[in-house]
Amino acid sequence: MAKIIGGLTSSHIPAVGNAIENNLQQEPYWKRFFDGYEPAKEWLKKAAPDVVIVVYNDHGLNFFLDKVPTFALGCADIYENADEGWGLKPQAPFPGDAELSWHIAESLVEQEFDICTCQEMLVDHGFVNPLRALYGTLKEWPVKTIPLAVNVVQHPVPTAARCLKLGRALGKAIESYPEDTRVVIFGTGGMSHQLQGERAGLIDVDFDIECMDKIATEPEWFTQFSNSEIMRRTGTEGIETIMWLVMRGALQDDAKLIHKHYHAPISNTGAGVMVLENQY
Ligand code: DHB
Ligand code: FE
């Protein structure tokens, strides 16, 4: 049977892709941020997943504002990256696992999550940069990937509570897959940030740190907040952090915290790296 080894959180900011491209990891601005990834990279190597499910948001590369599914699952054997601006070089295509994707889609629909299925999907910095931060820049990726896109761009966006429930359904979907497949789930994006308007540059370090603690130990805590409250506190793009709850919901309630690191500011955000491991 498939097994969820654990979950991991990561920033997706475009500047990370450019820092990796230009080998800036040891520069004073970047060093502490990238050092926070080292224990996560080590854990991931040992976890040796066959498949990584990346919960992320598209920023207009695959879905534009005319058509935005609330939740969309990649159901392809390959996902291409493309030039979306930001000076980011398109990365090598990411192998998928269409068979597992369709199993997940079927199970989610049975559990009343009527997910949009995508047999073609361009993946943007939201998906690519967490993988690059954790695996490096590679010509061939050593793992299969499944993109799970959450709309946090065009309102109305789903609630934190809905994301946690989706995660629980995702966990059941994966664990009912009959193949021996090791799965790790990435919750990406966040944390507090606002990219435009009068409050551009807003970061709430205290709230970010509290969110990391609570998402690890008591994720239901986050569901007390409405999306307006989350955005008031963490900025309009701070809402991205609700995607972490999809990852968290798919893990065991008592998943063990293996690593936690917070750094702010990096580009315009507070960035959190966290590793949680299921206990068998
Ligand atoms: C930044 C953050 C994002 O989430 C994003 O999608 C683009 C840019 C930033 O901090 O610069
Ligand atoms: Fe973003």
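Where is the place of D77: in which loop, and between which strands? Hi everyone, let's start there, and please keep in mind that we are looking at a predicted model. D77 sits in the loop that runs between β3, residues 71-74, and β4, residues 78-81. With a relative accessible area of 54%, D77 is exposed, because the cut-off for that word is over 50%.

Now let's turn to the metal. Which residues coordinate the iron ion, ligand 2? They are H12 and H59, each through NE2, and E240 through OE, at 2.0 to 2.2 Å. If you follow the sequence, you can find these donor residues with the spacing H-x46-H-x180-E. H12 lies in the loop between β1 (3-10) and α1 (14-21), while H59 lies in the loop between β2 (51-56) and β3, so this pair ties together parts that are 47 residues apart in sequence.

Are the two histidines buried or exposed? Take them one by one. H12 is buried, at 4% relative accessibility. H59, at 31%, counts as partly exposed.

One last stop: T269. You will find T269 in strand β11, which covers residues 269-277. T269 is buried, because its relative accessibility is 1% and buried means under 20%.

Methods:
Residues numbered from 1 in each chain as written. Chains lettered and ligands numbered in written order. Predicted model: local features only at pLDDT ≥ 70, side-chain atom pairs only at ≥ 80, totals over all residues. Heavy atoms only, no water. Helix = DSSP H or I, 4+ residues; strand = E, 2+ residues; numbered from the N terminus. Buried < 20%, exposed > 50% of the residue type's maximum accessible area, 1.4 Å probe, protein only. Donors = N, O, S within 2.8 Å, 3.2 Å for Na, K, Ca; no water.
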